[in-house]
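Me: I'd like to go through some of the labels used for this model and see what stands behind each one. Can you take them one at a time?

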Amino acid sequence: MDLNTITEVLRPADADAVKKWETGYAWLAGGTWLFSEPQVATHTLIDLESFKWPSLAISPEGLEIAATCKVVELDRFKAPPEWKAALLFPECCRAFLASFKIWNEATVGGNIVMSLPAGPMISLTAALEGICTLWPRNGPPRKVPVVNFVTGNNANVLAPGELLRSIFLPASALKKSYAFRRFTLTHLGRSEVLLIGTRSPERGEFLLTVHAATRTTALHKRALRGNAGERFGRRRAF
């Protein structure tokens, strides 16, 4: 859709170049939602692609996913073999109500910032204990767990002009075993409920993430007893 209210597109070298946030400004990442309907209150787009953030950065501590990382890049990511839970990436990418063609533009950060109940990138990063790094316009960066980032339907903790820079997934979470279940009313429809269960043998802990059927992500944590961990290791047991 053409946005006929836009009078300027800014392509700064970094976020610090945007000193003052004005009403009518909007960050532009993939733009798959931004260009899907009229934005009558918006007159200036600030293109995040000009920042050239690395999409995916591996370290011994875990994986940093840039907010501008395309869904297709996450789907094709080749993780270290010990990161068993990385197999959740393509599972959640296929939980979008979108064709694979949209993946080439849609971003991980955009899906999280939209903060809709059926946002599969929210489900994924919350289940893997993701931490958001946020950049306010005036102030130091702050970190917020993904599970606390979304506060309601299309609502989150971002202040005006504040930017989601990245989501960090710790290596300890990526090493977990997992189970994934999704229910939709139609084969290719929006998720009605999306469940992700993870098991941490190191901490003796089971974590169940419930999303899509809830306004915000619901987490249920409990200690494992007896041979529950072995049963969970078989996908059909969940």
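**Labels and their cut-offs**

Me: Why is Thr 32 called partly exposed?

Reply: Thr 32 has a relative accessible area of 37%. Buried means under 20%, exposed means over 50%, and partly exposed is in between (1.4 Å probe, protein chains only). So Thr 32, at 37%, counts as partly exposed. Bear in mind that this is a predicted model, where local features need pLDDT of at least 70 and side-chain atom pairs count only at pLDDT 80 or more, while totals for chains, interfaces and linings use all residues. Residues are numbered from 1 along each chain as its sequence is written, and side-chain values use heavy atoms, with hydrogens and water left out.

Me: Where is Thr 32 found, and what does it touch?

Reply: Thr 32 sits in the loop between β2 (25-28) and β3 (44-47); strands are DSSP runs of E, at least two residues, and helices are runs of H or I, at least four, numbered from the N terminus. Not counting residues up to four places away in sequence, Thr 32 touches Ile 102, Glu 105 and Ala 106, contact being heavy atoms within 4.5 Å.

Me: What makes Ser 115 count as buried or exposed?

Reply: Its relative accessibility is 0%, so Ser 115 is buried. Ser 115 belongs to the loop between α4 (108-114) and α5 (120-127). Beyond its neighbours within four places in sequence, its contacts include Ile 122, Phe 149 and Val 150.

Me: Which backbone oxygens lie by a polar atom of the Ser 115 side chain?

Reply: That of Ile 112, at 3.0 Å, and that of Val 113, at 3.1 Å. A polar contact is a pair of N or O atoms within 3.5 Å; within protein, one must be able to donate a hydrogen and the other to accept it, and residues adjacent in sequence count only if both atoms are side-chain atoms.

Me: How do you know that β5 and β10 pair?

Reply: Five bridges join β5 (residues 62-66) to β10 (residues 163-170), in antiparallel fashion, and pairing takes at least two bridges found by DSSP. One of the bridge partners is Leu 169 in β10, for Leu 63.

Me: What is the strand order of the five-stranded open sheet, and why do β4 and β7 stand at the edges?

Reply: The order is β4-β5-β10-β6-β7, with antiparallel pairing. β4 (56-59) and β7 (142-145) each have a single partner strand, so one side of each lacks a neighbour in the sheet.
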